[in-house]
Amino acid sequence: MCEYHLYPGDMFRTSAGLGLIVKKSGGYFHYSNVADDQKKAYQTIETKRFYGYCDDMSHGQVLEVILLPNRKYRRKRK
């Protein structure tokens, strides 16, 4: 489902709502729920686990990934 690497600014849709990737560091994504963008403490998920949720549709965790349209370079995942 997610064939490209994700970067800050990309969004993902779950059954709970929309999430926005705020920061990528040290093998972790820091993200914010779109409705809760007032909080300063962002939630964290391991990058490998997030991509696993994207690729394995049986869990139903990540329903859709929305890529930032104006990003110049984007690498495909292997």
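**Burial, contacts and surface patches in the predicted model**

H30 is buried, with a relative accessible area of 16% (buried means under 20% relative accessible area, exposed over 50%, and partly exposed in between, with a 1.4 Å probe and protein chains only). The structure is a predicted model, in which local features need pLDDT of at least 70 and side-chain atom pairs count only at pLDDT 80 or more, while totals for chains, interfaces and linings use all residues. Residues are numbered from 1 along each chain as its sequence is written, and side-chain values use heavy atoms, with hydrogens and water left out.

The protein chain contains 1 helix and 5 strands (helices, H or I, of at least four residues and strands, E, of at least two are DSSP runs, numbered from the N terminus). Along the sequence, these elements follow the pattern β-β-β-β-α-β. Of the 78 residues in the protein chain, 24% count as buried.

Strand β3 spans residues 28-33 and includes H30. The side chain of this buried residue, H30, is joined to that of S25 by a polar contact of 3.4 Å (a pair of N or O atoms within 3.5 Å; within protein, one must be able to donate a hydrogen and the other to accept it, and residues adjacent in sequence count only if both atoms are side-chain atoms). S32 also lies in strand β3 and is buried, at a relative accessible area of 8%.

D10 is placed in the segment before β1 (11-14), and its side chain reaches the backbone nitrogen of Y7 at 2.8 Å.

The structure holds 1 salt bridge (a side-chain nitrogen of Lys or Arg within 4 Å of a carboxyl oxygen of Asp or Glu). E64 and R13 form this kind of pair, with their closest N and O atoms 2.9 Å apart.

Strand β4 (43-46) contains E46, a partly exposed residue at 35% relative accessibility. The C-alpha atoms of E46 and G27 are 6.1 Å apart in space, whereas the two residues are 19 residues apart in sequence.

In the loop between β3 and β4, V34 is partly exposed at 37% relative accessibility. A35 occupies the loop between β3 and β4 and counts as exposed, with a relative accessibility of 71%. From C-alpha to C-alpha, A35 and G17 are 8.2 Å apart, at a sequence separation of 18 residues.

V34 also contributes, together with L20, V22 and Y42, to a nonpolar surface patch of about 280 Å². Patches are made of residues with over 30% relative accessible area and no salt bridge, joining like charges within 9 Å and nonpolar side chains (Val, Leu, Ile, Met, Phe, Trp, Tyr) within 5 Å. Accessible areas come from the Shrake-Rupley method with a 1.4 Å probe; for residues, only the protein chains shown count as cover.

A patch of positive charge is gathered on the surface by K24, R71, R75 and K78 (Lys and Arg count as positive and Asp and Glu as negative, without His and the chain ends; the place of a charge is NZ of Lys, CZ of Arg, CG of Asp or CD of Glu). Among these residues, K78 is found in the segment after β5 (62-66).
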